[in-house]
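Open your viewer and load the model. This tour tells you what to select at each stop and what you will find there.

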Amino acid sequence: MTHSARRFGFTLLEILLVIALIGILFAIVITAINPPRQLAQARNAQREAEVLDILNGIYQYTIDTGELPQTIRNLGVNTPTEICKTIVINCTSSLLNLTVLTTSERYLTAAPIDPQCPSACDNDGTGYRVTRTGNNRIIVSAPNAELGETIQVTR
């Protein structure tokens, strides 16, 4: 009586094929997800929210006092100026001091800072800019937006 030997298990070739297929599927999924793009979109969403926060703080101050903050009134017309960080006591003359909004945390708890600062902005700046138009309209923008987006809000 002869017994035919049956082997159970996988051959090396079968295991290599499965590993190759898993690698190909992994590469396709990573390409479809595109993590750098997802991170850039998340940073842009944060910028959009912070630009709105700054503009809302400026207008809440204006409603309460009846006038724009002095530093914004002193801005040249159509001159985008970067906002100074709240923690900096003496802002340089090239930065816009909006500590009047963060004093006692009534309008803003702190000046929002761009997600890519300090590499993408002035050492004492937030990365966000405020512009006053000739009609005293205020534009708050995030010039470091990624993916070719323009992030700005006007009132």
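**Stop one: Asn 44**

Select Asn 44: at 1% relative accessibility, this residue counts as buried. Buried means under 20% relative accessible area, exposed means over 50%, and partly exposed lies in between (1.4 Å probe, protein chains only).

Before going on, note that this is a predicted model: local features need pLDDT of at least 70, side-chain atom pairs count only at pLDDT 80 or more, and totals for chains, interfaces and linings use all residues. Residues are numbered from 1 along each chain as its sequence is written, and side-chain values use heavy atoms, with hydrogens and water left out.

Now colour residues 35-65. They form helix 2, and Asn 44 sits in it. Helices (H or I, at least four residues) and strands (E, at least two) are DSSP runs, numbered from the N terminus.

Show the side chain of Arg 47 next. Its partner is the side chain of Asn 44, in a polar contact at 2.9 Å. A polar contact is a pair of N or O atoms within 3.5 Å; within protein, one must be able to donate a hydrogen and the other to accept it, and residues adjacent in sequence count only if both atoms are side-chain atoms.

What else is Asn 44 in contact with, leaving aside neighbours within four places in sequence? Select Ala 145, Glu 146, Leu 147, Glu 149 and Ile 151. Contact means heavy atoms within 4.5 Å.

**Stop two: the aromatic pair**

The structure holds one aromatic pair. Select Tyr 61 and Tyr 107: their ring centres are 5.6 Å apart and their planes lie at 75°, so the pair is edge-to-face. Rings of Phe, Tyr and Trp (its six-membered ring) pair if their centres lie within 6.5 Å; planes under 30 degrees apart count as stacked, over 60 as edge-to-face and the rest as tilted.

This pair links distant parts of the chain, 46 residues apart. Tyr 61 is in helix 2, while Tyr 107 is in the loop between helix 4 (99-102) and strand 2 (125-132). Are these residues buried or exposed? Tyr 61 counts as buried at 13% relative accessibility, and Tyr 107 counts as buried at 14%.

**Stop three: the whole chain**

Zoom out and switch to cartoon view. Four helices and four strands make up the count. Along the sequence, the pattern reads α-α-α-β-α-β-β-β. The C-alpha atoms fill a box of roughly 105 × 30 × 25 Å, taken along the principal axes. Finally, colour by burial: buried residues make up 34% of the 155 residues.
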